[in-house]
Amino acid sequence: MKPENARFDNVLNAAPEQFLKSWLAEAALSLDNVSIAKTAPHDAQELLASLQEALRADADVTRFDDAKWSRTRTVLSELSQSRAAQGASAGETNYFVLAIKKPFFAGLRQALDANPQAAFDAVLAASALIDRMAQWTATTYQRSRENVIQRQQQELLELSTPVVKLWEGVLAAPMIGTLDSSRTQLVMETLLQRIVETGSELAIIDITGVPTVDTLVAQHLLKTVTAIRLMGADCIISGIRPQIAQTIVQLGIDLQGIVTKATLADALSLALKKGGWAVSRPVR
Amino acid sequence: MDRIPILKMGRYLLVTIQVDLLDQTALALQDDLSERIAATAAQGVLIDISALEIVDSFVGRILASISGISAIMGATLVVVGMQPAVAITLVELGLSLDGVRTALDVERGMALLNADGASRSDH
Amino acid sequence: MTTEPTSTDACLDGSMPLSAERDIVACRQLVRKLTQELKFSLVDQTKMITAASELSRNTIVYGQGGVMRWQIVSEGARTGLRLVFEDEGPGIPDIDLALTDGWTSGTGMGIGLSGSRRLVNDFELRTVVGQGTSVTITRWR
């Protein structure tokens, strides 16, 4: 083992219980969550074990991005992911890692009591390493939060894009809100799946609730209609407001023979006719 | 090499694809169908791809070919049962399979062919 | 920061030869297995397998045979599958043309190359006439 690694390793081994206690106490100052407080000791021990493993494998303490630190990085990633999922703040999660400085510096000072210059250098090196660890934790925390938010958005999306059966063989997908790529993707997948499940040959996509239609949105809609036709069903787009009709003409968007109707009612009427249904009202 | 079986159902031929297709198997199908259409004077061909999880540009081109060849020989091809994921992928790939008739399942495919046949006999 | 494999995955990379037509099917089956293990959505699985089918065919038919290398990649919290299709064939003389939809080289490369690009998140093409071609595609979960 390199001398500086050995020095760090000794600090971790000198009085492990005391070390852990001091670390957890410091970290607890910034901790509100009870369930996280319960798992903190386990997390700390895992992190310590990974640090020792790396130090003993002669990992370079100035290169945290080295392969030898990979287990430590994994432990920190998992830590920040689980904390993020449990709703801990970025600050809390970060501080958990930074708090290790307290017992670490205390240990170094004790070990290098006789040599202040060496103590200073060691503390500097330790601080840099721990900062890199905290930086890594912060980055993965950020990404985890983004993943959580993305998943929630997805669920929200699913809730707000219902596909309903309007009639025998006729499905309707009312779209509400801005049509971005992920929303259209989801509607397309859901709609196609329901077409297969119900054996419906006609789908009505209603865009009354869509504020604007630009070339990109039109492209998404066209893709959806093409997929529906490929499967052997057909599609009507309804809810085309005057402004949208004007925009479509102005932008020169080619609707490629897709039937469009101003209202969902008109679309349903056409769908029934196509299906061979006739609606009659008995004279009273 | 396994050849895909072709069933005769009245005036129509039915093909069910259930395996991951080797390129040569697809080509053989094209040949076999051409021969069977001629031999039976079939008026329609149904290719059931409900078990096919991947349709790439090669298979797509073969389907388009079979459609063209059938038409020249007086038969209509209907491809049935395309899976949603396959349809989405084909659109993204840029394959429109123009000219290939499709239906949701064999039953509807037959109804399509029957309707075609009815309008044909009006001439 | 270097990308690195996640600690929980048993097998993180591998390769398979692409020399005969039956290898196209084998390639599809391998990519299906990998994307299923990585828990890709069904649509994403289908897109990746289809792209692999196109590119493996190109390697065998136009590249005169080659290899596909696969690798499970991670960037922080996201995981993905990276495939590299390599051959030592004639190479592609005009890349822009090759990536135009529907282009055929007379040997019919057609929509496979440009289409595959749309099916994946990251796409990289390297080719030298007379030396060979390498296509790298990545799809994130």
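Guide: Helices (H or I, at least four residues) and strands (E, at least two) here are DSSP runs, numbered from the N terminus. This is a predicted model, where local features need pLDDT of at least 70, side-chain atom pairs count only at pLDDT 80 or more, and totals for chains, interfaces and linings use all residues. Residues are numbered from 1 along each chain as its sequence is written, with chains lettered from A and ligands numbered from 1 in the order in which they are written.

Visitor: What pattern does chain C follow along the sequence?

Guide: Chain C has four helices and five strands. Read in sequence order, they give β-α-α-β-β-α-α-β-β.

Visitor: Which element supplies the largest share of the side of chain B that touches chain A?

Guide: The contact (C-beta atoms, placed from the backbone, within 7 Å) takes 14 residues from chain B and 14 residues from chain A. On the chain B side, helix 3 (84-93) and strand 5 (101-103) each supply at least two residues. The largest share, five residues, belongs to helix 3 of chain B.

Visitor: Are helix 8 and helix 9 of chain A roughly parallel or roughly antiparallel?

Guide: Helix 8 (residues 181-198) and helix 9 (residues 215-231) of chain A pack with their axes 10 Å apart, at an angle of about 15°; axes are lines fitted to C-alpha atoms over the stretch in contact, and angles run from 0 to 180 degrees between N-to-C directions. Angles under 35 degrees count as roughly parallel, over 145 as roughly antiparallel, 65 to 115 as roughly perpendicular and the rest as oblique. So helix 8 of chain A is, relative to helix 9 of chain A, roughly parallel.

Note on methods: Contact = placed C-beta atoms within 7 Å.
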